[in-house]
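Biologist: I'd like to learn how to read a fold from its strands, its core and its charged pairs. Could you walk me through one example?

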Amino acid sequence: MKKITFAIFAFIIFTSTFTSCDTEAIDSAIDVSNPENPAIPGGGGTPSGDYWPTAINNQWTYTQNGTAQPPMKMISTEVFNGKTYYKFAPLTGGGTGTTASATTWLNKNNGSYTLKMGDINIGVPGMSGTQTGYEYVILKDNIAVDETWTGTYTQNTTYAGLPPITQTTNYTGKILAKNVTETVDGETYTNVIKININQQTVVEGMSLSISNTEYWYAKDVGVIKNKIYTGDGTYESILVNYILN
């Protein structure tokens, strides 16, 4: 099976690793309460601040391993299962001879930040395929250092004329530091939360891939740095410019 390294941040998700020939489902652990109404329960303790500002036309620009990436821009809102998500402009990534494109959304609810990925369109030499979307909790700003959260999602990848292949990912997020100071691209940010997300993916019980991703979130700014460690190498994204509305 060929792997596609898909730089789409956010997995800032900044970078994500997809295994060709798989499929995925929505994380059943994610609650479906209304993020616009804090009176509706939805998780954890008291949010410690806004670590990913949401407004239409908010925009973040990153470099990955020194190479400029297309800006991540919020372009609209959509409602899924009664929850309001902010939609990012679609992004495309790929590797040697491969391409992948998808749309992402962000939801915030009482200190829990959920990233939703739409179906991923994959192009490889001589064929094209689709990997089903998923969503997972990318940050909890309302838990203490060393506390964790967990989740599971499943995906299917299909190509014309081939049977679908299923992969399941188990992930664990952990708060590594809170209220720290971090300098990125010459700018110093305070009130930073640093986290790690460990993802372990099994493809139909046949293979296992493991990745670790570190994120630095600055209060009232968003993700300022991201570093992902995979079997294919290390990818670091840093914030170089942002626009907030």
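Modeller: Let's begin with pairing: two strands count as paired if DSSP finds at least two bridges between them. Keep in mind that this is a predicted model. Here strand β15 (residues 148-159) and strand β16 (residues 165-184) run antiparallel and are joined by 10 bridges.

Biologist: How many residues lie between β15 and β16 in their hairpin?

Modeller: There are 5 residues between them, and G161 in that turn has a positive phi of about 80 degrees.

Biologist: And in what sense do β16 and strand β17 (residues 187-203) pair?

Modeller: They are antiparallel too, with 14 bridges. Y171 stands opposite Q199 in β17. The hairpin of β16 and β17 has 2 residues between the strands, and D185 takes a positive phi near 50 degrees.

Biologist: How many helices and strands does the whole protein chain have?

Modeller: It has 0 helices and 20 strands.

Biologist: Then let's turn to the core. Which residues touch the most other members of the largest nonpolar core?

Modeller: That core has 43 residues, and those with the most contacts to other members are W52, Y136, I138, L139, I195, Y217 and I224. Take I224: beyond its neighbours within four places in sequence, its contacts include E182, V184, Y189, W216 and L239. Over the protein chain of 245 residues, 51% are buried.

Biologist: E182 is charged. Which side chain does E182 meet in a salt bridge?

Modeller: K225, at 3.0 Å from N to O. Because E182 is in strand β16 and K225 is in strand β19 (residues 222-230), the pair ties together parts 43 residues apart in sequence.

Biologist: Are E182 and K225 buried or exposed?

Modeller: Buried means under 20% relative accessible area. E182 has 19%, so it counts as buried, and K225 is buried at 12%. The search finds 5 salt bridges in the whole structure. Another one joins E135 to K116, with the closest N and O atoms 3.7 Å apart. E135 sits in strand β14 (residues 134-140) and K116 in strand β11 (residues 112-117), 19 residues apart. Both E135 and K116 are buried.

Biologist: What about the surface: which residues make the nonpolar patch of about 250 Å²?

Modeller: V202, L208 and I210 make that patch. L208 lies in strand β18 (residues 207-218), and its relative accessibility of 52% is why L208 counts as exposed.

Terms used: Residues numbered from 1 in each chain as written. Predicted model: local features only at pLDDT ≥ 70, side-chain atom pairs only at ≥ 80, totals over all residues. Heavy atoms only, no water. Patch = residues over 30% accessible without salt bridge, like charges linked within 9 Å, V, L, I, M, F, W, Y side chains within 5 Å. Areas by Shrake-Rupley, 256 points an atom, 1.4 Å probe, with all protein chains shown as cover. Salt bridge = Lys/Arg side-chain N within 4 Å of Asp/Glu carboxyl O. Helix = DSSP H or I, 4+ residues; strand = E, 2+ residues; numbered from the N terminus. Buried < 20%, exposed > 50% of the residue type's maximum accessible area, 1.4 Å probe, protein only. Core = buried A, V, L, I, M, F, W, Y, C linked by side-chain atoms within 4.5 Å. Contact = heavy atoms within 4.5 Å.
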